Amino acid sequence: MTELLEKIQRQRHQKHAFVLFSLPESDMVSLYLYSDKELKPIVDFSECGFAFAPFNGQALYLPTAESDVFNAQITYQKNESDFDNSYDPELKQPFMDLVSKGINAIAEGEFRKVVSARREVVSYDKNWEAVLLNLFSSDRSAFRYCFYSEQTGMWMGATPEKLLSVTNRMLTTMSLAGTQPYIEDSPIEWGQKEIDEQQFVTSFIAESLADLNLKPELSDRKTARAGNIVHIRTDILAHVPDNINIKAIVNQLHPTPAVCGLPKAAALNFILREEENREYYSGYLGLLNLVPGDIDLYVNLRSMKIDRQKADIFVGCGVTSESDPESEFFETVNKSVAMKKILT
């Protein structure tokens, strides 16, 4: 990977866009060096390249045809730095107040679930190359990436959640929600709040696909580990007929209740009204048509925006009528661990 890091440094000096990424369970990393600074808008998902979309707004992509592409074996390194999972106490009450607003809005019938998110600014002194090596040495089950353009800034992440994949007209997606810390050799039991929260997501995805005349097939619920935490997961499959446009499916699913809420429009209005700008956190990213017709998109979770020696880490939690504001805050603290470890 050393050679790729040198190429990235030259690309950054020119302020040209690039993406470095590794697919889940892969030991290979791919680098796309774009020949320009300005990304292009996604119009109909027939484009070929790497997609990068905000939570709310115009999706962009880095065109493959105008990029130099390189691949390399991941250089794994063991991160033996001491890690202190502390948090800024001044962040606690404002986030609890936001969660309380969500609970009150649910009680008033505004929506059934909303996902509340916050930003935590963390300073770090590790050099940029070491941070990248930590990132790609982290959770191998995640989609790991580093993306830069002048329009978006620099983002890094290791997301466990697929938005959707389409291969040979077969769509796969997942319902991922409910969170608790992973404790080795400890039995995992899920409370009704987490089960209901994940069922909201599952039902939304299944109904959204059915509205497009697809016939989704659902797996049983299972527990899925993502680094230091676990979630409830249901896998969903559906055949996509030739007359169904991928754009319609993406627009129908994004943002899912796992990052927005239910009903979607009401939860989205609440988020845009009450939260600061999420930017690209909880948007989506991934591959478009490297093989014609194939799509592989992930939800931009466990992510952060990098600016010099400062990182804006974004984390969120699902809020339902059963939520406790303090518990939800500490859920976001647990979720911030993945990115904080990468910085240390």
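Contact here means that heavy atoms lie within 4.5 Å. The structure is a predicted model, in which local features need pLDDT of at least 70 and side-chain atom pairs count only at pLDDT 80 or more, while totals for chains, interfaces and linings use all residues. Residues are numbered from 1 along each chain as its sequence is written, and side-chain values use heavy atoms, with hydrogens and water left out. The chain holds 7 helices and 19 strands; helices (H or I, at least four residues) and strands (E, at least two) are DSSP runs, numbered from the N terminus. The chain's radius of gyration is 19 Å, close to the 20 Å that the globule rule gives for 344 residues, so the chain is as compact as a globular protein of that length. That radius is taken over C-alpha atoms, and the globule rule is 2.2 Å times the number of residues to the power 0.38.

**The whole chain**

- The C-alpha trace spans about 55 × 55 × 40 Å along its principal axes.
- Of the 344 residues, 57% count as buried; buried means under 20% relative accessible area, exposed means over 50%, and partly exposed is in between (1.4 Å probe, protein chains only).
- Among contacts with a separation of 6 or more, 71% come from residues 24 or more positions apart.
- The chain carries 35 positive and 49 negative side chains, and the centres of the two sets are 3 Å apart. Lys and Arg count as positive and Asp and Glu as negative, with His and the chain ends not counted; each charge is placed at NZ of Lys, CZ of Arg, CG of Asp or CD of Glu.

**Helix 3**

- Helix 3 covers residues 128–136 and is mostly covered, with 8 of its 9 residues buried.
- The buried residues of this helix are Trp-128, Ala-130, Val-131, Leu-132, Leu-133, Asn-134, Leu-135 and Phe-136.
- They pack against helix 1 (2–14), strand 1 (18–22), strand 2 (28–34), strand 8 (143–149), strand 9 (153–159) and helix 7 (325–343).
- At the start of helix 3, a side-chain oxygen of Asn-127 comes to within 3.2 Å of the backbone nitrogen of Glu-129.

**Two residues of strand 11**

- Thr-179 lies in strand 11 and is buried, with a relative accessible area of 12%.
- The Thr-179 side chain makes a polar contact of 3.2 Å with the side chain of His-231, and another of 3.4 Å joins the side chains of Thr-179 and Glu-331. A polar contact is a pair of N or O atoms within 3.5 Å; within protein, one must be able to donate a hydrogen and the other to accept it, and residues adjacent in sequence count only if both atoms are side-chain atoms.
- Leaving aside neighbours within four places in sequence, Thr-179 is in contact with Trp-190, Glu-194, Ile-229, Val-230, His-231, Glu-331 and Lys-335.
- Ser-175 is found in strand 11 too, and it counts as buried at 0% relative accessibility.
- Polar contacts join the side chain of Ser-175 to that of Gln-198 at 3.2 Å and to that of Thr-202 at 2.7 Å.
- With neighbours within four places in sequence set aside, the contacts of Ser-175 include Val-201, Ile-205, Ile-232 and Arg-233.

**Val-250 in helix 5**

- Val-250 sits in helix 5 and is buried, with a relative accessible area of 1%.
- Val-250 and Leu-297 are 47 residues apart in sequence, and their C-alpha atoms are 9.3 Å apart in space.
- Beyond neighbours within four places in sequence, Val-250 is in contact with Phe-45, Leu-163, Leu-164, Tyr-284 and Leu-297.

**Backbone exceptions**

- Most residues other than glycine have a negative phi, and most peptide bonds are trans.
- Glu-25, in the loop between strand 1 and strand 2, has a positive phi near 65° and is partly exposed at 47% relative accessibility.
- Asn-168 has a positive phi of about 55°; its place is the loop between strand 10 (162–167) and strand 11 (170–181), and it is exposed, with a relative accessible area of 67%.
- His-254 and Pro-255 are joined by a cis peptide bond with omega of about -10°, and Pro-255 is in the loop between helix 5 (246–253) and strand 15 (261–262).
- A cis peptide bond also joins Leu-262 and Pro-263, with omega of about -10°; Pro-263 lies in the loop between strand 15 and helix 6 (264–274).
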